[in-house]
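Subject: Structure handover

Hello,

Here is the structure you are taking over. Please look at the sequence and the coordinates before reading the notes.

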Amino acid sequence: MARESLFARWSDHRLSRLELVFVVIVLLVLVSMFLNYMLVMMARAERSMVESSIINMNSALRVQALHALANNGGSEIENFRHANPVALLEREIDWDQLEAKDSARVATLVRARNSALLPNYAGELTTEAGMELDPGSWYFDTEKDALVYLVRNAEVFRSELPGPARLRYQLEIGAGGNPEQASGATIGQIRLQPMDKYQWLF
């Protein structure tokens with residue numbers, strides 16, 4: 001007589017205890033694999049969001065620096081170092097100093113600023129106050145002069161920082177940041193640099 005399949009025995013509620021334990025273990029393994037897969041996918045999406053935000057902000061900061069270079073010869077660029085990048089990009093445009101020929105440049109600046117808007121930005125906070133924010137939040141740490149992102153998927157993230165999982169970036173203008181010699185090369189070096197070593201575990 002042919003042996004009955006496990007499925008047939010399951011449907012007739014005639015599984016032995018050993019078979020039932022085996023089925024439960026298989027189901028638990030499958031659920032665990034699925035949950036791990038979903039965690040990795042969410043972490044990948046989070047990493048992409050953070051990287052895109054930093055890229056967009058770097059581009060907007062360089063456009064902002066070009067705008068400053070055209071307006072006043074770049075005297076403001078030295079003030080970019082370790083500044084709050086969000087505050088820099090929220091500075092009001094002095095429309096009274098603009099001429100008709102500047103309209104295209106200003107339009108480019110406005111588009112760059114809009115592309116660099118950070119989701120869940122909480123403003124300027126102390127280190128301790130920033131730690132109390134929900135994961136997924138951005139803030140500017142006024143004590144460390146750092147733009148900080150609190151990681152949502154901390155299970156697959158490691159860094160050398162104690163406390164909540166987070167990424168810290170500091171605005172640098174490169175070695176050539178002399179405002180009296182501001183140039184395209186200097187502006188190209190304006191970027192948010194990671195302050196700490198970190199790793200996504202996937």
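This is a predicted model: local features need pLDDT of at least 70, side-chain atom pairs count only at pLDDT 80 or more; totals for chains, interfaces and linings use all residues.

Residues are numbered from 1 along each chain as its sequence is written, and side-chain values use heavy atoms, with hydrogens and water left out.

Sheet

Helices (H or I, at least four residues) and strands (E, at least two) are DSSP runs, numbered from the N terminus. Two strands pair if DSSP finds at least two bridges between them. On these terms there is an open sheet of 5 strands in the order S1-S2-S3-S5-S6, and its pairing is mixed. S1 (121–125) and S6 (191–194) are the edge strands, each with a single partner, so one side of each has no neighbour in the sheet. From one strand to the next the twist averages 25°; axes for such angles are lines fitted to C-alpha atoms, for helices over the stretch in contact, and angles run from 0 to 180 degrees between N-to-C directions. Within the sheet, S3 (residues 146–150) and S5 (residues 166–172) run antiparallel and are joined by 4 bridges. Leu150 stands opposite Arg166 in S5.

Surface patch

A nonpolar patch on the surface is formed by Val21, Phe22, Ile25, Val26, Leu27, Val29, Leu30 and Met33, with about 740 Å² of accessible area together. Patches take residues with over 30% relative accessible area and no salt bridge; like charges are joined within 9 Å, nonpolar side chains (Val, Leu, Ile, Met, Phe, Trp, Tyr) within 5 Å. A salt bridge here is a side-chain nitrogen of Lys or Arg within 4 Å of a carboxyl oxygen of Asp or Glu. Areas come from the Shrake-Rupley method with a 1.4 Å probe, and for residues only the protein chains shown count as cover. One of the patch residues, Val29, is placed in helix H2 (residues 17–72). Val29 has a relative accessible area of 43% and is partly exposed (buried is under 20%, exposed over 50%, partly exposed in between; 1.4 Å probe, protein chains only).

Aromatic pairs

The structure holds 4 aromatic pairs (ring centres of Phe, Tyr and Trp, the last by its six-membered ring, within 6.5 Å; planes under 30 degrees apart are stacked, over 60 edge-to-face, the rest tilted). Among them is the tilted pair of Trp138 and Tyr149, at 4.9 Å centre to centre and 50° between the planes. This pair links distant parts of the chain, with Trp138 in S2 (residues 138–141) and Tyr149 in S3, 11 residues apart. Trp138 is buried at 0% relative accessibility, and Tyr149 is buried at 0%.

Phe157 and Trp200 make an edge-to-face pair, 5.0 Å centre to centre with 70° between the planes. Phe157 lies in S4 (residues 157–159) and Trp200 in S7 (residues 198–200), 43 residues apart. Phe157 is buried at 3% and Trp200 at 10%. Ring pairs link Phe157, Tyr198, Trp200 and Phe202 into a cluster.

Backbone angles

Most residues other than glycine have a negative phi. His82 has a positive phi, near 60°, and sits in the loop between H2 and helix H3 (85–89); His82 is partly exposed at 28%. Asp145 also has a positive phi, near 50°, in the loop between S2 and S3, and Asp145 is partly exposed at 30%.

Regards
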